Amino acid sequence: MIRRLLERVRYWWSVWSRPAVHLSLGFLTLGGFIMGVVFWGGFNTAMEMTNREPFCTGCHEMHDNVFQELKPTIHYSNRSGVRATCPDCHVPHNWTSKLARKMQASKEVWGKIFGTINTKEKFEAKRLELAKHEWARLKANDSLECRNCHNFESMDFTRQSQRAANQHSTALARKEKTCIDCHKGIAHRLAAGMAQ
Amino acid sequence: MKAAIAIVLVALAGLAGAQGTPAVVNGLRGPTPLDAESKAPPLAKTINDDQRRARSFPAQPPVIPHQVDNYQVDLRFNKCMSCHGRERVGESQAPMVSVTHFQDRDGMIRQEISPRRYFCTQCHVAQSDVRPPVKSTFQDFYNVQPDAPAKGKGK
């Protein structure tokens, strides 16, 4: 058994390591380079495809619940017309973290296939748990997705309300708190059962 | 026939009345005639200075001196309570909801705010920075009580 396996490995190794007989070195290097570009580009394009709002809201779970909740908030509609789409807040922007988050999202595909939150009632029952995952993620990365747009260095406290300036110049400045500690429920409705 | 005559008479009476008195230009409608829709005024800025206002009478619900846009107050969650709740005021330094809010209709003080006091904006409202279209003639208690020492707002 083991001997046969070894034989097979040795065979494939000889195929793999032998120089090409019919194909030129130029074809192989250039072809490899071009195919590399095509595959890499294709991979990233496909990943970007899943990083757009129409893709996120393509499922009724997202479209009928969280997307509708986003609409009246300032992150969807405001005076200057700058807005955040789903992945702006829910997917890390740098490549490695984004890839990790996308792999994690395979759980969401599972949920979609098996209808984990395919009714309003099921979604409401799971809302707190799902929200807690996002809060934990944002707490752990120091609200990175907020800070992609809201830069602490560029905050003008004199342009904020007194209450906001007080909190931002103390707790946030000292890094005792991060954005999500106070701004839960800023883009979606909050769940029953959490501490007020 | 009788009804038609009545309508004509009423219309004539209305015309005569309109000629006699000048059009009312005050009030929420402005100079818009009654049969036309008045133009909505632009949305006013909400006062957001966190300065507590004096109350016009002892039982007046205090007004909200900050923005409450899109605050969630529903079956699931009460956003106001995340600062004004009993266990949160230490951190937020916001005024705590008064003890009356913990009383149910039998006067029993409960652990949580009573459902009948749950919807904050039924009584407490944010203030807009506008000129009132109709002047308020409300007088403070001290101003209408003849033998009371003159004090309070407006004196």
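Reader: What is the average pLDDT of chain B, and what share of the residues score at least 70?

Author: pLDDT is the predictor's confidence in each residue, from 0 to 100. Chain B averages 81, and 76% of the residues score at least 70. This is a predicted model, in which local features need pLDDT of at least 70, side-chain atom pairs count only at pLDDT 80 or more, and totals for chains, interfaces and linings use all residues. Residues are numbered from 1 along each chain as its sequence is written, while chains are lettered from A and ligands numbered from 1 in the order in which they are written.

Reader: Where in chain B is confidence lowest, and where is it highest?

Author: Where pLDDT is low, the predicted coordinates should not be read in detail. In chain B, confidence is lowest in helix α1 (residues 2-20), with a mean of 53, and highest in helix α2 (residues 81-84), at 92. For the complex, the predictor gives an ipTM of 0.73 and a pTM of 0.74.

Reader: How many helices and strands does each chain have?

Author: Helices (H or I, at least four residues) and strands (E, at least two) are DSSP runs, numbered from the N terminus. Chain B has four helices and zero strands, and chain A has 11 helices and zero strands.

Reader: Is Val15(A) buried or exposed?

Author: Val15(A), in helix α1 (residues 2-17) of chain A, is exposed because it has 8 other C-beta atoms within 10 Å.

Reader: How many residues does helix α8 of chain A have, and how far does the helix reach?

Author: The expected span of a helix is 1.5 Å times one less than its number of residues. Helix α8 (residues 120-140) of chain A has 21 residues and reaches 29 Å from its first C-alpha to its last, close to the 30 Å expected. There is also a kink of about 50° in α8(A), centred on Lys126(A); the bend at a residue is the angle between axes fitted to the seven residues ending there and the seven starting there.

Reader: What is the phi of Asp142(A), and where is this residue found?

Author: Asp142(A) has a positive phi of about 55° although it is not a glycine. Asp142(A) is in the loop between α8 and α9 (144-147) of chain A, and counts as exposed because it has 12 C-beta neighbours inside 10 Å. In chain B, Gln93(B) has a positive phi of about 60° and is not a glycine either. Gln93(B) lies in the loop between α3 (89-92) and α4 (141-144).

Reader: How many residues does each chain bring to the contact?

Author: Two residues are in contact if their C-beta atoms, placed from the backbone, lie within 7 Å. Chain B brings 14 residues and chain A 11 residues.

Key: A residue is buried if 20 or more other C-beta atoms lie within 10 Å of its own, exposed if 12 or fewer, and partly exposed in between; C-beta atoms are placed from the backbone.
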